[in-house]
Amino acid sequence: MALVNRKIGYDEVETRDLKFNMDSSKVSKYWFNNDPWNTLFMSSVLAAVPDGERWVMQSVRKQLDMLTDPSIRKAGIEFIHQERIHAREHDVMNKASIEHGIPMDDIERTFRKVRMFLQKRLSINMQGALGAAFEHFTATIASVLIEHPETFKDTNPELLGMLFWHFVEETEHKSVSFDVFTDAAGGGLRAYLLRVTAMTSAAVAGASVFSIPFTYLLYKDKQLTNFASAKTFFRTQFVDPGVLRKVGSMFFPYFRRDFHPWDDDNREVIHAWKQEYNKSGDPTAAFLALCDWLAENRATDESKLELVPASAAS
Ligand SMILES: [Fe+2]
Ligand SMILES: [Fe+2]
């Protein structure tokens with residue numbers, strides 16, 4: 001099987017049953033640096049997260065009996081546990097934003113209907129291929145943000161503890177749904193064609209999945225003409241650190257016939273987080289340890305040394 005040389009990272013996947021009890025005091029209305037546009041953009045993404053996690057998790061579960069490789073099956077089971085906990089904790093976080101009057105529940109309801117419609121109609125293999133595509137997006141977003149915690153320089157540290165826990169686990173399991181799909185679909189040209197068809201569909205759908213709800217949230221919150229915040233948003237997403245620009249650059253390699261999620265082997269970055277978490281069991285301390293590691297190993301200029309949010313230092 002084509003996966004023989006790619007089995008790295010499976011031993012990283014570990015279920016941590018964390019409860020963050022996010023409420024509206026920790027998740028402020030504009031929790032992303034007090035910036036409406038960046039917060040509402042993230043809210044449009046996060047509205048799709050709990051149900052998206054459940055879809056991907058259910059796809060992997062349906063493919064488990066089709067697998068020939070026991071190590072992938074084992075990683076698939078850990079993956080399901082991780083995603084179930086992510087969905088549960090993001091449901092709580094989303095509820096906190098809804099309490100602030102951000103109508104993420106409208107988006108969640110629409111997304112759920114679309115998900116259930118597609119689940120009834122698409123083949124198991126196509127759902128697996130879509131799951132692998134969605135996971136590629138979440139892993140690339142996680143890989144960019146995990147190296148740029150300064151993006152959230154004025155964000156509640158406990159909330160950052162939760163978000164970075166999720167980024168770490170998305171990194172740990174970034175090849176699982178891809179490998180489960182490839183093994184279940186039998187590898188070869190057919191699996192490749194399914195994979196690129198699914199990624200093309202996911203990219204087209206994803207563009208509308210995020211732009212329409214984002215515009216809806218800006219409109220409902222009367223932020224469409226907040227040009228100062230719009231400027232900050234475009235700077236964050238396309239210039240410094242350029243989250244969407246960097247995510248976009250990781251899109252095309254997925255179309256290579258020999259692509260694998262661990263081509264970008266960034267396990268080193270999450271080890272500082274894991275080391276501290278294994279010692280203290282505290283995801284906020286683990287986030288700060290990751291910041292320290294980045295400051296020592298990745299800082300390229302003065303500004304990048306200011307990794308620890310000022311609010312976290314108190
Ligand atoms: Fe997740
Ligand atoms: Fe995931």
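With 25 C-beta neighbours inside 10 Å, Arg195 counts as buried, a class that requires 20 or more other C-beta atoms within 10 Å of a residue's own, the C-beta atoms being placed from the backbone. The model is a predicted one, in which local features need pLDDT of at least 70, side-chain atom pairs count only at pLDDT 80 or more, and totals for chains, interfaces and linings use all residues. Residues are numbered from 1 along each chain as its sequence is written, while chains are lettered from A and ligands numbered from 1 in the order in which they are written.

Arg195 lies in helix H8 (residues 188–220), helices being DSSP runs of H or I with at least four residues, numbered from the N terminus. When neighbours within four places in sequence are left aside, Arg195 is in contact with Ala129 and Ala132, where contact requires C-beta atoms, placed from the backbone, to lie within 7 Å. Phe181, which is 14 residues away from Arg195 in sequence, has its C-alpha 8.7 Å from that of Arg195.

Helix H5 (residues 124–146) packs against helix H6 (residues 157–172) at an angle of about 125 degrees, the axes being 9 Å apart.

Terms used: Helices (H or I, at least four residues) and strands (E, at least two) are DSSP runs, numbered from the N terminus. A residue is buried if 20 or more other C-beta atoms lie within 10 Å of its own, exposed if 12 or fewer, and partly exposed in between; C-beta atoms are placed from the backbone. Two residues are in contact if their C-beta atoms, placed from the backbone, lie within 7 Å. Axes are lines fitted to C-alpha atoms, for helices over the stretch in contact, and angles run from 0 to 180 degrees between N-to-C directions.
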